[in-house]
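Here is a short briefing to read alongside the structure.

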There are 4 protein chains.
Amino acid sequence: MLSFENDYSEGAHPRLLQALVDTNFVQQVGYGEDEYSLRAKVRIRAACQDPEADVFFLVGGTQTNAVVIDGLLSGTEGVVAASTGHVNVHEAGAIEYTGHKVLTVPEKDGKIDAEDLRALLSGFYADPTHSHMVYPGAVYISHPTEYGSLYSLAELTQLRDVCRAYGIPLFLDGARLGYGLESYETDVTLPDIARLCDAFYIGGTKVGALCGEAVVFPRHGAPKRFITHIKQHGAMVAKGRLIGVQFDALFTDGLYFDISRHAIDMAEKMKRALAALGVEFFRPSPTNQQFVILENAALNRLKSQVRYSYWQPFDETRSVVRFATSWATREEDVDALIKKIRECM
Amino acid sequence: MLSFENDYSEGAHPRLLQALVDTNFVQQVGYGEDEYSLRAKVRIRAACQDPEADVFFLVGGTQTNAVVIDGLLSGTEGVVAASTGHVNVHEAGAIEYTGHKVLTVPEKDGKIDAEDLRALLSGFYADPTHSHMVYPGAVYISHPTEYGSLYSLAELTQLRDVCRAYGIPLFLDGARLGYGLESYETDVTLPDIARLCDAFYIGGTKVGALCGEAVVFPRHGAPKRFITHIKQHGAMVAKGRLIGVQFDALFTDGLYFDISRHAIDMAEKMKRALAALGVEFFRPSPTNQQFVILENAALNRLKSQVRYSYWQPFDETRSVVRFATSWATREEDVDALIKKIRECM
Amino acid sequence: MLSFENDYSEGAHPRLLQALVDTNFVQQVGYGEDEYSLRAKVRIRAACQDPEADVFFLVGGTQTNAVVIDGLLSGTEGVVAASTGHVNVHEAGAIEYTGHKVLTVPEKDGKIDAEDLRALLSGFYADPTHSHMVYPGAVYISHPTEYGSLYSLAELTQLRDVCRAYGIPLFLDGARLGYGLESYETDVTLPDIARLCDAFYIGGTKVGALCGEAVVFPRHGAPKRFITHIKQHGAMVAKGRLIGVQFDALFTDGLYFDISRHAIDMAEKMKRALAALGVEFFRPSPTNQQFVILENAALNRLKSQVRYSYWQPFDETRSVVRFATSWATREEDVDALIKKIRECM
Amino acid sequence: MLSFENDYSEGAHPRLLQALVDTNFVQQVGYGEDEYSLRAKVRIRAACQDPEADVFFLVGGTQTNAVVIDGLLSGTEGVVAASTGHVNVHEAGAIEYTGHKVLTVPEKDGKIDAEDLRALLSGFYADPTHSHMVYPGAVYISHPTEYGSLYSLAELTQLRDVCRAYGIPLFLDGARLGYGLESYETDVTLPDIARLCDAFYIGGTKVGALCGEAVVFPRHGAPKRFITHIKQHGAMVAKGRLIGVQFDALFTDGLYFDISRHAIDMAEKMKRALAALGVEFFRPSPTNQQFVILENAALNRLKSQVRYSYWQPFDETRSVVRFATSWATREEDVDALIKKIRECM
């Protein structure tokens with residue numbers, strides 16, 4: 001069955017698999033000190049244009065968010081996120097499990113507005129009772145967001161400025177970072193992110209790897225004893241090479257960017273075709289996730305032929321669903337999807 | 001350079017890699033509901049002779065210990081372990097991070113003695129102040145232990161009996177389980193473990209997989225909402241197929257047992273050759289880790305040619321080091337190791 | 001200086017102090033097993049008309065909320081609260097520190113609306129991704145609320161019905177319970193609360209005691225090993241008599257209710273006088289906390305003569321402030337307050 | 001019935017109660033900012049000869065240990081304690097509940113030996129795997145210890161020196177500090193403790209107060225945002241005056257020291273009388289707790305007439321029990337105790 005359910009339905013890009021095969025019997029030390037991990041770190045620092053960036057490899061997104069946020073915060077602090085932020089909704093309370101509150105601001109197209117952030121921070125310090133409240137200690141944003149939207153360079157700079165004014169770090173969840181960087185509509189580059197954020201991760205799981213996220217702390221910004229912190233959170237991989245080899249391949253010859261661009265090309269094609277069919281979009285998205293409104297009856301017909309993500313009810317007769325492309329999406333499958341939707345409408 | 005440093009210096013057994021390649025583009029649902037994970041669970045249940053076992057796949061050992069132990073314990077409880085238990089020493093406080101104390105009993109050859117356990121438990125309940133103390137809520141054992149030793153069937157049965165008498169679960173850390181099951185000196189089988197333990201895991205990372213541990217709760221014994229619990233601990237893998245495919249291969253045609261047996265054969269060969277050289281063993285080990293006492297001067301000469309694990313000082317002039325074999329150890333490398341040791345002594 | 005800043009500006013009701021003096025040298029066992037604590041529990045059970053209620057004495061409100069909520073929830077669960085709930089705002093993240101998320105519903109006059117609760121719960125279970133979310137595991141309400149408002153018997157019953165339908169406990173924060181029970185406008189009695197809630201506490205600190213809150217779990221509903229749980233949270237008082245003696249006195253001859261009624265009488269007098277002055281109320285409050293809107297200029301003049309609580313800005317020139325009465329408020333001080341406000345307006 | 005069960009069987013010293021009565025209706029601000037708390041802090045700073053000491057008032061011992069230790073440690077750190085340390089045994093895992101391991105060294109007369117501490121610390125850093133272990137981040141000692149023993153000034157200085165060499169704070173649990181300072185056999189003063197420790201507390205609960213412990217961080221050494229940290233741990237008392245008034249009284253005219261001296265006088269009298277009866281001491285104790293070995297048959301006769309603390313079995317026919325004096329012990333009761341023991345032997 002055709003699947004546009006998400007961007008992690010296949011395994012890994014063949015070049016990553018081949019690299020795993022090629023290096024399989026070379027003996028390496030464990031825990032991320034293998035030569036492939038070290039080389040991948042060099043490549044990532046270069047791509048970020050930050051030779052002093054600290055880089056770590058973790059396994060998945062929720063883990064990375066919890067490990068990084070808990071590393072950035074002190075005990076009396078919480079993390080600010082949009083109400084729709086992944087850490088606030090779909091991580092089973094992983095942040096709270098580490099003892100920290102998620103402090104929410106209303107989402108604007110899935111994003112945090114710099115003025116809302118400033119209002120929260122200035123309001124906090126103006127409140128005479130704030131010593132009995134959770135201190136805002138870091139800001140979490142996702143880019144692309146959970147709705148596929150993107151921060152502009154100006155928006156990101158404003159957020160950074162507010163964070164800097166209050167002395168708190170800005171952390172960017174880049175689970176789908178490639179799809180953001182290769183969007184037709186972005187003016188944000190990887191070096192921009194490295195320059196403006198205090199921590200971020202380059203998502204591998206959703207962008208061509210079997211697993212793995214590359215956490216970057218620009219300017220030697222890693223929290224103290226971060227290796228021990230990772231171990232304590234059960235996030236240390238004995239065979240660190242598994243992730244190192246993959247990121248080494250992803251950041252060789254621009255593979256990460258190329259395969260991300262492919263997913264965007266496929267999403268744009270899908271978007272144009274859906275628009276041509278008169279399908280209504282729930283929200284505009286310049287990245288690989290497209291949120292559309294379809295009749296429930298049509299969805300009922302569609303669901304035996306295509307896997308998609310059910311998002312939420314829209315009204316009595318219609319629902320919001322998500323179609324996602326990825327590095328692995330084939331153009332003929334996009335064509336087939338459009339054909340099936342047309343038939344079901 | 002020759003390496004006998006540990007049992008995770010290579011990637012994966014070729015059949016696992018091949019299975020990853022073969023299935024790479026088959027679209028699958030995420031989070032462990034893919035067909036390979038489901039099939040691997042069926043195979044593991046069969047190997048355990050427990051058709052009702054709940055099986056989950058996690059990434060690594062420390063993560064598994066923390067997730068399982070925190071799942072088994074209620075808030076007022078701690079876990080009993082040998083003082084040398086991995087959870088007590090080398091997991092950076094991952095158990096305490098989940099809020100639970102590790103209650104130690106003295107190690108006997110790396111193991112917990114059933115009578116020591118009984119004494120701890122009966123002493124606890126006899127103590128009139130025990131409501132101000134941490135309740136022993138589960139027992140953690142490793143098999144093989146951190147010293148390569150093994151529980152006999154009688155010892156395991158005695159531990160189970162004590163646990164049952166006090167109504168607490170017995171959890172077995174099987175990071176190297178294959179090497180225990182295939183030891184020349186064991187009388188414990190996988191079905192025995194499934195019958196006697198309330199939770200255990202079958203280690204993949206150290207026995208032929210790139211990553212992955214299969215957690216088994218026999219007799220439908222998984223803690224409530226264990227999926228959410230896994231997610232909360234950041235231990236959920238989006239592409240669950242990565243681990244599912246590997247365990248599917250490991251439990252096809254007895255591969256897990258065959259490759260474990262190979263490691264044991266190599267260890268036994270090494271053991272005999274070392275004994276013939278007059279090398280003194282720190283502790284007897286019937287599994288793939290061999291702990292020997294060597295002159296520091298000899299070790300100094302050896303270290304540029306062979307990677308081994310430094311364990312601890314033995315006396316003024318000698319140290320304890322570990323040589324580990326694995327599924328990947330080549331017989332000619334064992335021969336080379338012995339030759340080099342002989343030359344350095 | 002006159003103070004209407006809060007309801008904990010004085011020490012204890014003289015009968016409580018006298019009881020402490022009278023019993024001072026009687027030797028007692030510790031940790032709440034003293035005869036005064038036991039007698040106070042009997043009296044509280046009687047006042048609740050629940051002879052099977054489990055009763056525990058803790059020190060303060062935030063502590064009680066954290067200890068009780070953490071006791072009611074399992075690991076994967078969070079607590080539902082109004083967005084204005086004390087646990088969500090003014091407890092420095094004490095709930096999250098125990099590892100649990102506070103799941104908010106919009107406040108309606110400081111309260112949770114039963115339909116909003118039902119919508120949250122039904123929406124949660126209807127969401128196909130809910131196993132990746134925090135389970136709503138208990139409901140927290142305050143009565144009176146942080147805004148002085150009260151649940152009617154009908155509202156409380158509806159909340160109870162929703163909780164029961166979903167099998168989760170209803171917990172009532174009664175830090176100011178006396179002032180709710182003695183409001184001129186309530187139809188809710190202490191036995192009603194014991195009947196409708198699964199856990200609640202009878203506030204002592206704000207209602208006549210030096211410290212102390214009486215936690216009640218009706219119908220033998222205390223979480224398992226609650227004593228150890230209390231100890232683990234650092235909430236066990238060695239000289240439990242300190243709180244026991246006070247609650248014994250508070251629940252002798254209806255003292256708790258009488259002194260609460262006095263605070264209500266004083267608040268109603270203040271309310272009528274303020275209304276007569278044309279002062280605008282921010283929110284209607286039938287209890288001891290009155291929230292009024294005053295000109296900033298008037299407040300500036302007032303603040304050297306009266307202590308009040310600044311609440312929040314209202315508009316450019318006015319602010320919301322709180323005047324609270326208590327068991328200790330003297331009628332002449334209410335008169336003096338009104339006179340001063342009149343002079344400053 | 002006569003009680004020598006512990007040092008918290010009575011209420012408070014009459015001067016403390018009187019001070020509570022005298023100040024009862026003076027309106028004060030909450031949360032420890034009242035004038036009595038501020039004055040008590042000044043007195044404590046003077047008694048410590050450290051005008052820059054940060055002082056906070058908490059309620060009880062376990063709470064204080066957890067709040068302070070969690071405040072001193074960073075996430076990857078644990079606290080070193082003697083195996084018999086209160087935090088390791090009788091606090092229901094309160095330290096682990098905050099996420100930190102208790103790292104034990106063998107007790108020597110209830111104390112930590114500076115050489116054992118040095119060995120643990122140097123061994124830790126010498127271990128090549130220490131980044132996978134819990135970092136020793138603070139040292140916890142009790143003075144007097146759980147066995148009534150005391151550190152000499154030389155021992156305390158040595159511990160301080162080791163801590164300083166490794167850059168970790170030394171924390172002294174002074175639940176019974178007065179009884180240590182007034183021992184006939186000590187050469188340690190309160191200013192010595194303030195000089196040598198980085199944090200300590202002056203116990204009130206067991207030395208004349210209804211409740212309360214005064215936490216001292218010499219040399220402005222309080223952890224950042226310690227007020228919020230206290231609130232988050234549920235340890236903030238709304239009517240901070242309750243503890244402030246008591247410590248103000250305790251540190252007026254040397255009351256704390258005088259009443260402690262009385263307890264020591266009573267203990268020494270008891271000790272001499274027991275020795276004269278030929279009673280064997282389990283351990284020598286120069287403070288208010290005396291541990292003796294008695295025949296079980298004698299204890300059986302005694303227990304209907306005297307409350308004591310059962311400690312542990314000694315051999316088949318004898319047990320260790322504790323008799324504790326306190327500020328409240330009457331000399332005639334000591335005489336009566338001795339008489340009863342003589343009769344029962």
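A polar atom of the Asn288(D) side chain sits 2.8 Å from the backbone oxygen of Thr325(D). Please keep in mind that this is a predicted model.

**Around Asn288(D)**

- Asn288(D) belongs to the loop that links strand 9 (280–283) to strand 10 (289–295) in chain D.
- Is Asn288(D) buried or exposed? Its relative accessible area is 0%, so Asn288(D) counts as buried, the cut-off being under 20%.
- Besides the backbone oxygen of Thr325(D), the Asn288(D) side chain has a polar partner in the side chain of Asp7(D), at 2.9 Å.
- Leaving aside residues up to four places away in sequence, Asn288(D) touches a set of residues including Arg176(D), Tyr179(D), Ala263(D), Ile264(D), Ala267(D), Phe323(D) and Ala324(D). Asp7(D) and Thr325(D) are also among them.

**Around Tyr140(D)**

- Tyr140(D) lies in strand 5 (residues 135–142) of chain D.
- Tyr140(D) has a relative accessible area of 1% and is buried.
- The side chains of Tyr140(D) and Asp173(D) are joined by a polar contact of 2.6 Å.
- For a sense of scale, 37 Å separates the C-alpha atom of Tyr140(D) from that of Ala298(D), a residue 158 positions away along the chain.

**Helix packing in chain B**

- Helix 2 (residues 35–48) and helix 11 (residues 241–250) of chain B pack with their axes 7 Å apart and at an angle of about 40°.
- These two helices of chain B are therefore oblique to each other, and their crossing is left-handed.
- On the helix 2 side, the contact is made by Tyr36(B), Ser37(B), Arg39(B), Ala40(B), Arg43(B) and Ile44(B).
- Helix 11 of chain B contributes Arg241(B), Gly244(B), Val245(B), Phe247(B) and Asp248(B).

**How the copies relate**

- Chain C is superposed on chain D by a rotation of 180° with 0.0 Å of shift along its axis, at an RMSD of 0.0 Å.
- Why do chains C and D meet through the same surface? Because 100% of the interface residues of chain C are also interface residues in chain D.

Terms used
Residues are numbered from 1 along each chain as its sequence is written. Chains are lettered from A and ligands numbered from 1 in the order in which they are written. This is a predicted model: local features need pLDDT of at least 70, side-chain atom pairs count only at pLDDT 80 or more; totals for chains, interfaces and linings use all residues. Side-chain values use heavy atoms; hydrogens and water are left out. Copies are superposed by least squares on the C-alpha atoms of residues with pLDDT of at least 70 in both. Contact means heavy atoms within 4.5 Å. Helices (H or I, at least four residues) and strands (E, at least two) are DSSP runs, numbered from the N terminus. Buried means under 20% relative accessible area, exposed over 50%, partly exposed in between (1.4 Å probe, protein chains only). A polar contact is a pair of N or O atoms within 3.5 Å; within protein, one must be able to donate a hydrogen and the other to accept it, and residues adjacent in sequence count only if both atoms are side-chain atoms. Axes are lines fitted to C-alpha atoms, for helices over the stretch in contact, and angles run from 0 to 180 degrees between N-to-C directions. Angles under 35 degrees count as roughly parallel, over 145 as roughly antiparallel, 65 to 115 as roughly perpendicular and the rest as oblique. A crossing is left-handed if the near helix is turned anticlockwise from the far one by less than a right angle, and right-handed if clockwise.
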